[in-house]
Amino acid sequence: MQNVVERVLNLLIYLLQSPRPVTADDVRLTVQGYAGQSDEAFHRMFERDKDVLRRLGVPLKMAAMDAWEVEFGYKVDPDEYAIADPKLSQQERTALSIAARMVRLEGSHVGLDALLKLGGMERGSGLEPVGADLGAGAATLGPLFSAIAERRQVAFVYRGDKRTVSPHGIAHRRGHWYLAAGTGDGERVYRVDRIAQLEIGETKNAFDKPKGFDIKKLIDVQPWEAGAADPVTATVTFDPDIAWWAARTLGIGDHPVDQSLTTEMNVANLDAFLGWVLSFGDQAEVLEPEEIREEVRRRVLAATGRTG
């Protein structure tokens, strides 16, 4: 289904951006998703996609490709398709873009597509440093909520190990769902999308939730702050486009949207720290210490297939 949605969106963008009507052959050769199909399969696919666009209210029309009106092609008039300009400021577009990226279900990008009709997205949005797919782990959330409400123990595989815990609470933070649960070693926090093979115990009221339980306090520690006994201090700088969001995530408070940010961070879990910093793409840079800066460089090269 996701391939169909992507193909239809690609078709719509192509029709909106083309300065002239386009033929079916133009679509077949240009739009991603149609290549490699037989003639019959392509025409069936193209007819279905045109019907989808029309049902969605897209003003898809046939128009003459020249003054003699011998050959006709397909077009979507951007003026007919566009809504009235709401005259959003850059900050308002930024806020809408972040909202659209923070709430997605099963990878859907409908909110991002809608922003194309509101004047586009802010610079750097393609990096999606604040993307949060609320559909991740969706099949696990429902049973966990029930287990918490009925105080049933749960068992699951987490990072390759089987865990049996007493689920005390669940919350969403930093783009992910987290489960707080009691174990033989005290309270532990687990990221829900990393839970596998979930099993719900049959016995209700199998445990008592601790008095004064506060899930916010448990998950309020940044993921890179928990780990080694002797954390390392890292200095990171963020570009103006994203600095205000980094400041908010770090609890620094409001930060001007047009100013960069340089701050020190205590790093006890290097993998968690690097994962977060790298999610900002080239808009964040580790200045020191040199060993962490070099590790960032190594991971970027590995991800891009380069060696130096």
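Colleague: Which residues touch the most other members of the largest nonpolar core?

Modeller: A nonpolar core is a set of buried Ala, Val, Leu, Ile, Met, Phe, Trp, Tyr and Cys residues joined through side-chain atoms within 4.5 Å. Buried means under 20% relative accessible area, exposed over 50% and partly exposed in between, with a 1.4 Å probe and protein chains only. The largest core here has 22 residues, and those touching the most other members are F238, F273, W276, F280 and V286.

Colleague: Happy to follow that! Which helix gives the largest share of this core?

Modeller: Helices (H or I, at least four residues) and strands (E, at least two) are DSSP runs, numbered from the N terminus. Strand 8 (232-238) and helix 10 (270-278) are among the elements that each supply at least two residues. The largest share, six residues, comes from helix 9.

Modeller: A quick note: this is a predicted model, where local features need pLDDT of at least 70, side-chain atom pairs count only at pLDDT 80 or more, and totals for chains, interfaces and linings use all residues. Residues are numbered from 1 along each chain as its sequence is written, and side-chain values use heavy atoms, with hydrogens and water left out.

Colleague: Are the rings of F46 and Y74 stacked, tilted or edge-to-face?

Modeller: Rings of Phe, Tyr and Trp (its six-membered ring) pair if their centres lie within 6.5 Å; planes under 30 degrees apart count as stacked, over 60 as edge-to-face and the rest as tilted. F46 lies in helix 3 and Y74 in strand 2. Their centres are 5.3 Å apart and their planes at 85 degrees, so the pair is edge-to-face.

Colleague: Is F46 buried or exposed?

Modeller: F46 has 3% relative accessibility, so F46 counts as buried.
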